[in-house]
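Here is my note for a colleague who is starting out with this entry. Please read the points with the structure open beside you.

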Amino acid sequence: MRMWIYIIRRLLLLLPVIIGVMTITFVLVSTLSVDTKLNAYYGPSKFGYAPTVSCSQLGLPGTNCTNPAYARGVKALGLDQPIYIQWLQYMKNSLTLNWGSTEHGSYASTNLIGGSTIPVTTVLSYFLPYTLELAALSLLLILALAIPLGNYSAVYRNRPLDQATRVLSFSGFALPGFLLAILLLLGATVLAGQFAQVCNGQSTPFFEFYGSWPPSGCLPGGQLPSWVGSFGQTSPTGFPTVDAIIHQNWFLAWESVKRQILPAVTIAYGSVAGILRFVRNSMLEVMNLDFIRTARSKGVPESVVVSKHAGRNSLNVTITVLGLTFAGFIGGFAIIELVFHLRGIGLLLAYSILPSPDFGLIFGTTLLFTIIVVAANIIVDILYAYLDPRVRLG
Amino acid sequence: MPSASANSDPTLPSGKPTGSTVSAALPPKGRRPNPRIAQLKRTWYFLSRNNLALVGLAILIFFGVVAVSSFVAGPHGFPDDHLVLYCGSYAGPGTQTYVPLSGSCNLICTYPSNGPPPSPNCYAVDQYNPGNVPPTLNLAHFSGGPLPLGSLTIVSDGNLFYSIYDGFVEGAQWSLAISVSIVVTGALIGLLLGSMAGYLGGLVDELIMRVTDIFLSIPALLLVLVTLAALGPSFSTLPQRVGLLVGAFIIVWWPSYTRIVRGQVLVTREQKYVEASRASGARAPRIVLKHIVPNSLYPVFVQLSLDVGSIPLLVGGIAFLGYHIFPTLYFPEWGQMSALAVGILPGELTACQIASTTSPCAFPWWQLLFPGLIVFLFAISVNFLSDGLRDAFDPRLRR
């Protein structure tokens, strides 16, 4: 089958991109100081990670002694090796999912995963499903908005509807995501009528729409059910809403979806603009082609011409653009998840920057986001090839 | 005359040059209009018929004037703003017995809005003119004080106190300078690499474009953030920090331009006039600089004008995620101001609700509105202008 050859070729082309991305992160990692790196990999040490310590700490004579923790760490991480060996080592670690561990007692670790030191990949696997669920919901919303609006603004070109979508897309470009998010959060909270609720003596702002789950004190049973684990990860699939449905906990399923609606709207509003313009332009181009005129002249109703003949053909462009905008779209997740306090890798990233940077998490989340973008591009390419035979056969 | 019908503009010579009579067909040398000037005039004609673009241009000119005038007026006690939150007993206007806020003050200052605050408490004082800003800033009730456009207080992040009006005026130069320098440098790099890749082709093209792909597959905001997080600690002075910010953005910005330029060069390279130039013996640098680059410039220019508006949004996003361009000191940048205002809001509202159980809290709307509005106006007017430019440049879109 030609399709399989095409997919395999695309996957092979992926390899240099992944290696390149890792090289960029490697360059950034190697600018970090040695003790930052050692802290990120091994957590705090009794002697710190300075090259030398005062000998009295070790119970030895003399003034300056080599720090055993430093020496051991440098040797174990291969920091005394030449740079290309370090690069190879980094590649090996990255490809074998050995991404280091969270820093003990860092802000992210304390607030999101209970302060313990656990491998970054484990943390990410707990948080990824939340982000994917939000991404799926936002994508659904974007497509549901962009395709009909784009089509109609092309059909009714320069009419009020077209002008309205133009204003919509411009304002979507220009409004900062965090500002729109907080405005929606405030508006929804005002509509819901309750700003903060005190549960078990703990006050939670924006109670109704803040966080992935309701504050545990406010739940009917007084705490989250057992399938929501200690770090908030759920079982068996890890996707919060899906798991709630599996466990037939309709209350939590609704709560989980409700808390994702506003973030999804924020994300969609910001990214629908570009896609809408592309749908409109590709639709305008298709509408001038010969086969549309043929369809019209043989008496096909206008609505069918728009939806079947033109719409189907402009879909290709839409999918391509969706792939291109995905990078920008997923990059905004950190901000949105921080405003709404949704669990997800974006929140993880936001928490791992200040006040104490957790470099294991920073680089881990970046790599994961990049992998998501690359994977999305591959899926888009394959979809495109599936929809348009000229691509895979030509 | 088929070629003249495609060239119906009256300002251009419409004669059809044939063979050896080229010079005879052209008007006399002195009166011949420069084709580039003529094109500029034509572009302006189409742009001036687009109302939204003109509105955008007017707003941008206003921002530009603000930036230039604040630059000419000189730094306003920069980087220490003249407004500082102080903590201590208030001894009346004109006295200098304040102690800088050191964390012992609460976020909420509950003192009567007209009288002096009870001790110890925090209030805003103009360092250079203490009598001018009386400490009537009652944060519990979120009164904006006597400042134009209100104020923005960030107590948890290093005791910063922004007058939003001053932030707007002083931030104009920073925001505009940062945005323009990032985008122009990125576009220049993109122009160089893109025209190399497009014109030379082969291995060079493959190499440049693969590297471009790699950079494009990392989400822009994250790449900037990671670069800043990794390199930030080793940059300490203000010029260094701003330089680092600009540099990190350039790393993100050049690939998209490279891709645009390459695509455009691939089209331009095959045009007849390039072929003619090559046939008459021009070398590669001359062809690229004189023919290919000027003729593939307009999509770059449109994209460039679009991107200028998004920089303050991205800077705001980074500030919102916790990276401060210049921590602990007043640094007016529009995006960052807006982000700080949004960032402190939940805490303020919560504290306000807990603190004042008897009197209702007023909503600090000016903190959200004014910095946000500035960023929004800047971005949207840039969008309007670049949309108008795109229509004016592209003959197919005019109609």
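1. Chain A contains 17 helices and 4 strands, where helices (H or I, at least four residues) and strands (E, at least two) are DSSP runs numbered from the N terminus. This is a predicted model, in which local features need pLDDT of at least 70, side-chain atom pairs count only at pLDDT 80 or more, and totals for chains, interfaces and linings use all residues. Residues are numbered from 1 along each chain as its sequence is written, chains are lettered from A in the order in which they are written, and side-chain values use heavy atoms, with hydrogens and water left out.

2. The C-alpha trace of chain A spans about 100 × 55 × 40 Å along its principal axes. Of its 394 residues, 50% count as buried, a term that stands for under 20% relative accessible area (1.4 Å probe, protein chains only).

3. For contacts (heavy atoms within 4.5 Å), if one takes those in chain A between residues at least 6 apart in sequence, 63% join residues at least 24 apart.

4. The contact between the chains takes 47 residues from chain A and 44 residues from chain B. Together the two chains bury about 3900 Å², with 80% of it on carbon and sulfur atoms; buried area here is the accessible area (1.4 Å probe) that two parts lose on being put together, summed over both.

5. How many salt bridges does the rule find across the interface of chain B and chain A? It finds 1, given that a salt bridge is a side-chain nitrogen of Lys or Arg within 4 Å of a carboxyl oxygen of Asp or Glu. The side chains of A:R166 and B:D387 form a salt bridge, at 3.6 Å from N to O.
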